[in-house]
Amino acid sequence: MAELNRIDGRPVIDYMARDYESLLAAMRQRIPEKLPEWRGHASEADFGNVLLELFAHLGDILSFYQDRVANESFLGTARTRRSVIEHLRLIGYELGTAAPASADLTLSVPADVTETVTIRRGDAFATASERDRPSVRFEYTRDNDLRIDFGTVAVDEGTGRKVFRSVPVEQGRLFTGQFLGTSDGSPDQRFPLPHPGLILRPPGAALPGGITVTTTLPDDTAQKWTLRDTLAFSGPAAPDFAVRVDDQDRATVVFGDGRFGAVPPPDARVSATYRVGGGTAGNVPPGAIGVILDAPRLARLGATVTNPAGAAGGADRESIEHAVRHAPAVFRSMRRAVTAADYEAIALSFKGVAKVRAVATSWNEVTLFVAPEGGGRGEHVSDVLEANLRAFFEDKRMLSQIVEIADVDYVPIRVTAEVAVESYHVTEDVLARVRQAGADLLAFDRVGFNETVFLSRFYERCQDVPGVQFLNITEFRRGDTGTDPVETDGVIVLGPSEIPIVPTDREYQDGMRVVPVPGVR
């Protein structure tokens, strides 16, 4: 509530409280001083009170707008995605778009097939749709066709079919040669893409799946334009363009003004080829991709597909919290990778990378141990993510520096607990909560490199589960090299490239193995 104070004999209103009730109370306090002849202000039916309430209501709204403007004026307090985008553009940082998951498919055909099959860019595969989960589309995205001569492929003895492995696919949908508009020859032209959710690749890299823009004159003369992070370093005649993504994930192609970047010639038709999609929905488990969606050549042969390993690398668009946390580190590095901290900060700004550890393996070589988005079950870096990440660092590393991408060493932590359940609790419910407590301690988003895993943390979390009378942990060890049932001193120290995970064994896959103590209720 606003308070009326006096400084040097003059009334001063404390405007720190500017809501409806405070404003109304403050105005009523001023009535005896400003309008002593008004005697009806105590009556709710007085028209003056109606005016006071209207002014208080209006002041409340204006105060809300003032607070919002003040909050959105600073990166640390901004709440809307649009404000954060504008703030970060001042330091050359663009919020990341959604990243697509990638997977390697295994293709099989009947044993009597001897044809040569060509898989082209845009050939699509998908997961089966369910009532509460739509299908996820995956496409072959390489520019070069994949030719498979099944006449040279041996028949697999186990299945009786010819099997070809390693067909790389990526989540998303390809749009080819979409017309964006016609140039009028003016500077700073902008052409929005019809479909939201652009998958944006690093500029200047010859990578599959990036956006390409072409202008075509009335005489059919075509010119390809080059994607840049910014047009600030483009010359007057440089055929460069930039892409700006708004808070609704709608992308706009931006051309130059004749000083920084060339202007498309008048009457030139502007078209774009690009892909949309991405997101964590693409991190599907093994065996989920089994539908040939848009590859009729394969369907006619009776082919089947599957993904032996789960898809990984899919990530939703960059969150405000992630950008605010990582943008200052990227800015401090000036987008130049020199120190290990620079490499880690820049790699974490690349969508599809969840965790990274940079290690100098020689005087001119840096190895990045990368855990892709959707990790936690030992996912490896896909060929697509590795190629994209290498290209991303191409203009950021020192000239003589060699960047290597390596898989993280995932260390399963095997924990077995004997649990006694109190008599007035349902045993299965208590055991499920204990398993979940163990899984939470090893959750992928809560662990990092070079972790120290303590046995005492498992005791602490599990004993706090309602319904647990007591428990005894009989197994606590590394799942890859550990041999003792319980590690010495109840401590597991992991290496610089190691991350702890929940074991994939069926008996541990819910977080930990729980054995009820018989005869104790």
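**A tour in selections**

Begin with Asp249, which is partly exposed at a relative accessible area of 23%, where buried means under 20% relative accessible area, exposed means over 50%, and partly exposed lies in between, using a 1.4 Å probe and protein chains only. Before going further, note that this is a predicted model, in which local features need pLDDT of at least 70 and side-chain atom pairs count only at pLDDT 80 or more, while totals for chains, interfaces and linings use all residues. Residues are numbered from 1 along each chain as its sequence is written, and side-chain values use heavy atoms, with hydrogens and water left out.

**Stop one: salt bridges**

Asp249 lies in the loop between β13 (240-245) and β14 (251-255), and Arg317 in the loop between β17 (304-306) and α5, so the pair ties together parts that are 68 residues apart in sequence. The names of these elements come from DSSP runs, numbered from the N terminus, with helices being H or I runs of at least four residues and strands being E runs of at least two. Arg317 is also partly exposed, at 33% relative accessibility.

Next select Arg414 and Asp505, which form a salt bridge whose closest N and O atoms are 2.8 Å apart. This pair links distant parts of the chain, 91 residues apart, with Arg414 in strand β21 (residues 409-421) and Asp505 in the loop between β25 (498-501) and β26 (513-516). Arg414 counts as buried at 13% relative accessibility, whereas Asp505 is partly exposed, with a relative accessible area of 29%.

Then select Glu498 and Arg478, whose side chains meet in a salt bridge of 3.0 Å, N to O. Glu498 lies in strand β25 and Arg478 in strand β23 (residues 468-478), so the pair ties together parts that are 20 residues apart in sequence. Are these two residues, Glu498 and Arg478, buried or exposed? Both of them are buried.

To finish this stop, select Glu86, Arg89, Glu94 and Arg244, which are linked in a network of salt bridges. A search of the whole structure finds 21 salt bridges.

**Stop two: two pairs of helices**

Select helix α1 (residues 20-34) together with helix α2 (residues 47-72), which pack at an angle of about 135° with their axes 8 Å apart. The axes are lines fitted to C-alpha atoms, for helices over the stretch in contact, and the angles run from 0 to 180 degrees between N-to-C directions. The helices α1 and α2 are therefore oblique to each other, because angles under 35 degrees count as roughly parallel, over 145 as roughly antiparallel, 65 to 115 as roughly perpendicular and the rest as oblique. If you show the side chains, those of α1 that meet α2 include Tyr20, Leu23 and Leu24, and among their partners in α2 are Asn49, Leu52 and Glu53.

Now select helix α8 (residues 427-441) and helix α9 (residues 455-463), which pack at an angle of about 140° with their axes 9 Å apart. That makes α8 oblique to α9. The contact, meaning heavy atoms within 4.5 Å, is made by Val434, Ala437, Gly438, Asp440 and Leu441 of α8 and by Arg457, Phe458, Arg461 and Cys462 of α9.

**Stop three: a loop and a helix**

Move to Gly185, in the loop between β9 (173-182) and β10 (190-192), where the residue is partly exposed with a relative accessible area of 31%. Gly185 touches Val263, Pro264 and Pro266, not counting residues up to four places away in sequence.

Asp188 lies in the loop between β9 and β10 as well, and is partly exposed at 47% relative accessible area. Asp188 touches Phe255, Gly256 and Asp257, again leaving out residues up to four places away in sequence.

Finally, select helix α6 (residues 340-348), whose buried residues are Asp342, Tyr343, Ala345, Ile346, Ala347 and Leu348. These buried residues pack against α5 (320-332), β18 (353-362), β19 (365-372), α7 (383-392) and β20 (402-407).

Conventions
A salt bridge is a side-chain nitrogen of Lys or Arg within 4 Å of a carboxyl oxygen of Asp or Glu.
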